[in-house]
Amino acid sequence: MDLSSAALLVAAGLAAGTVNAVAGGGSLITFPALIAVGLPPIPANVSNSVSVFPGYVASVAGSRADLPRGRSLWLLLPTTVAGTIVGCLLLLATPARAFELTVPFLVLGATAVLAFQDPLRRLVGHPADLAPRRRTVTVQAMVAVGAVYGGYFGAALGVMLVAGLALVLDATLARVSAVKNLLSATVGLTTLVVFALFGPINWAAVAVVAPATLVGGYAGARLVRRLPPVVLKTLIVVFGTGIGLYLLWRALR
C-alpha cells in the first residue's frame with residue numbers, strides 16, 4: 001500500500017467514524033475507498049465491516065451519558081448478536097445481487113419513517129400508549145431486522161436503527177442515537193468475530209482505517225449531544241436520502 005492509498009483510507013475512516021456517530025452510513029465512505037485502493041468487492045465489504053467497529057465503540061463512549069438505564073436495553077443485545085450472525089452467513093453463502101437491489105428501498109423506507117415520525121406515531125400510537133408487551137416485541141423485531149441487515153451489508157445501519165427505534169421508543173433523539181450506537185457496536189463486534197474466522201479480510205487496510213474511525217466516532221458522538229433535535233433529525237433524513245439514492249443508482253447502473 002503506497003502513501004496516497006493510506007492517506008485516502010485515513011481520511012475516509014475519520015469521515016466515516018464521524019458520520020456513523022451522527023447519522024449512520026459511514027460505510028458508504030470507507031467501502032468505496034477500499035475499492036479505490038484495489039480491493040475486490042467482497043473482501044472490501046468484509047474488511048470494511050471490521051474496520052468501522054472501533055468507531056462504533058468510540059461512539060458508545062462519547063454518548064454513554066445518554067444511554068437509558070435498566071435491564072430492557074441489555075435484553076436487545078442477544079437479538080442483535082443472533083441477527084448479525086444470520087446476516088454474516090447470508091453474505092458469505094448467497095449471491096448479493098437480489099439484496100443489492102433491495103437495500104436502497106430499505107434505506108429510503110427507513111429514512112421516510114424517521115421523516116414522517118409524528119404522523120406515523122398518530123397512526124400506530126405513541127410509544128407511551130402502547131402496551132409494554134407490544135412495545136417490547138416491536139422493538140425486538142426492529143432490532144433483529146436491523147442486525148441482519150448490518151451483518152449482511154451494514155451501510156446506513158444507523159439510519160435504519162434510528163428510524164425504527166424513534167418510532168417505538170418514548171425517548172429523545174439523542175437518547176435513541178445513543179442506543180443506536182450501542183447496537184451498532186454489538187453488530188460490529190459480531191461481524192469482526194465471524195469475518196475474522198471465515199471472511200477474506202485485508203488486515204493491512206483494516207490497520208489503516210480502524211484507528212481513524214475510532215477518532216471520528218468519538219468526535220461525532222460528542223457533536224450529537226450539542227445538536228438541537230430538529231437539526232439532528234434533518235441531518236439524518238438528508239443523509240439517509242442521499243445514501244438510498246446513491247445505492248439505487250449503483251444497483252441499477
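Analyst: Start with helix α13 (residues 229–252). Y246 and W249 both sit in it, three residues apart, about one turn of the helix. This is a predicted model.

User: Why is the pair of Y246 and W249 called tilted?

Analyst: The ring centres of Y246 and W249 are 6.1 Å apart. Pairing needs centres within 6.5 Å, so the two rings pair. Their planes stand at 35°. Stacked needs under 30 degrees and edge-to-face needs over 60, so this pair is tilted. By this rule the count is one aromatic pair.

User: What makes Y246 partly exposed?

Analyst: Its relative accessible area is 30%. Buried means under 20% and exposed means over 50%, so Y246 falls in between.

User: And why is W249 called partly exposed?

Analyst: W249 has a relative accessible area of 49%. Exposed requires over 50%, so W249 stays in the partly exposed class.

User: How do you know that α9 is roughly antiparallel to α10?

Analyst: The axes of helix α9 (residues 132–152) and helix α10 (residues 157–168) cross at roughly 175°. Angles over 145 degrees count as roughly antiparallel, so α9 and α10 get that label. The two axes come within 10 Å.

User: Which residues meet between α9 and α10?

Analyst: From α9 come R135, T138, V139, M142, V143, G146, Y149 and G150. From α10 come L157, M160, L161, G164, L165, L167 and V168. By class, this contact has ten nonpolar, four polar and one charged residues.

User: What makes G151 buried?

Analyst: G151 is part of helix α9. Its relative accessibility is 1%. The cut-off for buried is under 20%, so G151 qualifies. Leaving aside neighbours within four places in sequence, G151 contacts T84, G87, C88, L91, V187, T191 and F195.

User: How far is G151 from P78?

Analyst: Their C-alpha atoms are separated by 14 Å. Along the chain, G151 and P78 are 73 residues apart.

User: Why does F53 count as buried?

Analyst: F53 lies in helix α4. Its relative accessibility is 16%. That is under 20%, so F53 is buried. Not counting residues up to four places away in sequence, F53 touches A185, G188, L189 and L192. F53 and A163 are 110 residues apart in sequence, and their C-alpha atoms are 21 Å apart.

User: Why is S63 called buried?

Analyst: S63 is found in helix α4 (residues 53–63). At 4% relative accessibility, S63 is under the 20% limit and therefore counts as buried. Beyond neighbours within four places in sequence, S63 is in contact with A178, N181 and A221.

User: Which residues are buried in helix α2 (residues 27–36)?

Analyst: S27, L28, T30, F31, A33 and L34 are buried there. Just after α2, G38 takes a positive phi of about 115°.

User: Where is confidence lowest, and where is it highest?

Analyst: Helix α8 (residues 117–124) has the lowest confidence, with a mean of 66. Helix α6 (residues 76–93) has the highest, at 91. For the protein chain, mean pLDDT is 81, and 91% of residues reach 70 or more. Where pLDDT is low, predicted coordinates should not be read in detail.

Conventions:
Residues are numbered from 1 along each chain as its sequence is written. This is a predicted model: local features need pLDDT of at least 70, side-chain atom pairs count only at pLDDT 80 or more; totals for chains, interfaces and linings use all residues. Side-chain values use heavy atoms; hydrogens and water are left out. Helices (H or I, at least four residues) and strands (E, at least two) are DSSP runs, numbered from the N terminus. Buried means under 20% relative accessible area, exposed over 50%, partly exposed in between (1.4 Å probe, protein chains only). Contact means heavy atoms within 4.5 Å. pLDDT is the predictor's confidence in each residue, from 0 to 100. Axes are lines fitted to C-alpha atoms, for helices over the stretch in contact, and angles run from 0 to 180 degrees between N-to-C directions. Angles under 35 degrees count as roughly parallel, over 145 as roughly antiparallel, 65 to 115 as roughly perpendicular and the rest as oblique. Ala, Val, Leu, Ile, Met, Phe, Trp, Tyr, Cys and Pro count as nonpolar, Asp, Glu, Lys and Arg as charged, and the others, Gly among them, as polar. Rings of Phe, Tyr and Trp (its six-membered ring) pair if their centres lie within 6.5 Å; planes under 30 degrees apart count as stacked, over 60 as edge-to-face and the rest as tilted.
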